[in-house]
Amino acid sequence: MKNNNKIIAANWKMNGSEELMKEFSQLTRAKHNEIIICPPFTLLDTAKTTLPNFIKIGAQNCSEEDKGPFTGEISASMLREKSVSHVLVGHSERRTLFKETDDVIFKKVKASIRSKLTPIVCIGETLSEKEANKTLQTLDSQINGSLAKIEPYAQVIVAYEPVWAIGTGLIPNENEIKETHLYIKTKLNQHFNTDIPILYGGSANSENCSQIISIDNVGGLLVGGASLKKHDFKAICNC
Ligand code: PGA
């Protein structure tokens, strides 16, 4: 992947406002040409009318169902109607706080593909799994559980986010990122016919982004906290 062909995705989580979206409307084309902003559902309309066209819009979650009596849920097809092109699936906060299993994540990946959204499927080990030397085992079972039964030609993005690195300021060292990304790539290549981009996520910021993004098999970044400040996000898009 060429160096300016990386994907920079912003996960605003339950943050942001109309005001912040207005600030982001001033973003101009950056070095990395695939920029995706995932605001909360309530800001999707504003994102569509406010953000410059080169920025793609993503959601942070979708239902595994297409429609029906599921109070409070939002389907992938409803997101598609809002000009959403991407959706985060299986973020570690959803796995932990909302008890999403690999099977639920698999169904959400399928639902998003049915509605022509590109799922950004998040995987990553917890601190205790890392300490028990079970990182690759965890990635293996998350990929098997959520992606192995997806059509091999489907368009999917994977985000490797070590849970212990999210929002902590800690990041794996270069060799660790190299090893996990190579492992994920090799495993995905056994199943998918297309090249699946693998993003790194977890405490990525404007200072560490160029180093992380230049590591082999890192196809871009999924950025949480640092994506909420226009200045920092702009720097990351140009790193
Ligand atoms: P962080 O979050 O960049 O704040 O660590 C990343 C994420 O949760 O996607």
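**Questions on a predicted barrel model**

Colleague: What makes you say that β2 is largely enclosed by the rest of the structure?
Modeller: Four of the five residues of β2 are buried, so the strand is largely enclosed by the rest of the structure. Buried here means under 20% relative accessible area. Keep in mind that this is a predicted model.

Colleague: How do you know which way β1 and β2 run?
Modeller: Strand β1, residues 7-11, is joined to β2 by five bridges, and the two run parallel. One of the facing pairs is I7 with E34 in β2. Two strands count as paired if there are at least two bridges between them, so five bridges are enough for β1 and β2.

Colleague: And what about β3 and β4, how many bridges do they have?
Modeller: Strand β3 (residues 55-59) and strand β4 (residues 86-89) are joined by two bridges and run parallel. The cut-off is at least two, so β3 and β4 also count as a pair. A59 stands opposite V87 in β4.

Colleague: What does V87 stand opposite in β5?
Modeller: V87 stands opposite P119 in β5. Four bridges join β4 and β5, in the parallel sense. On the β6 side, β5 is joined to residues 157-160 by four bridges, again in parallel.

Colleague: What holds strands of a sheet together in general?
Modeller: Strands of a sheet pair through backbone hydrogen bonds, and the pairing is either parallel or antiparallel.

Colleague: What do the strands form here?
Modeller: Eight strands make a closed barrel in the order β1-β2-β3-β4-β5-β6-β7-β8, and the pairing is parallel. On average, neighbouring strands of this sheet are turned by 25 degrees against each other, direction ignored.

Colleague: Why is β5 called largely enclosed?
Modeller: Six of the six residues of β5, residues 118-123, are buried, so the strand is largely enclosed by the rest of the structure. T118, I120 and C122 point one way from β5, P119, V121 and I123 point the other way, and all are buried.

Colleague: Is H32 buried or exposed?
Modeller: H32 has 1% relative accessibility. The limit for buried is under 20%, so H32 counts as buried. H32 sits in the loop between α1 (18-24) and β2 (34-38).

Colleague: What makes the approach of H32 to C239 a polar contact?
Modeller: A polar atom of the H32 side chain lies 2.7 Å from the backbone oxygen of C239. The limit for a polar contact is a pair of N or O atoms within 3.5 Å, and this pair falls inside it.

Colleague: Why is K185 called partly exposed?
Modeller: The relative accessibility of K185 is 25%. Partly exposed is what lies between the buried limit of 20% and the exposed limit of 50%, so K185 belongs there. K185 is part of helix α8, residues 174-191. K185 and D195 are 10 residues apart in sequence, with their C-alpha atoms 8.6 Å apart in space.

Colleague: What class does D66 fall into?
Modeller: D66 has a relative accessible area of 37%, so it is partly exposed. D66 is found in the loop between β3 and α3 (76-81). D66 and K108 are 42 residues apart in sequence, and 9.9 Å separates their C-alpha atoms.

Colleague: Which residues are closest to the ligand?
Modeller: The ligand is surrounded by 13 residues, of which K13, H91, E161, G167 and S203 are the closest. By class, this shell holds four nonpolar, seven polar and two charged residues.

Key:
Residues numbered from 1 in each chain as written. Predicted model: local features only at pLDDT ≥ 70, side-chain atom pairs only at ≥ 80, totals over all residues. Heavy atoms only, no water. Buried < 20%, exposed > 50% of the residue type's maximum accessible area, 1.4 Å probe, protein only. Polar contact = N/O pair within 3.5 Å; in protein donor to acceptor, adjacent residues only side chain to side chain. Near = heavy atom within 4 Å. Nonpolar A, V, L, I, M, F, W, Y, C, P; charged D, E, K, R; others polar. Axes fitted to C-alpha atoms, helices over the stretch in contact; angles between N-to-C directions.
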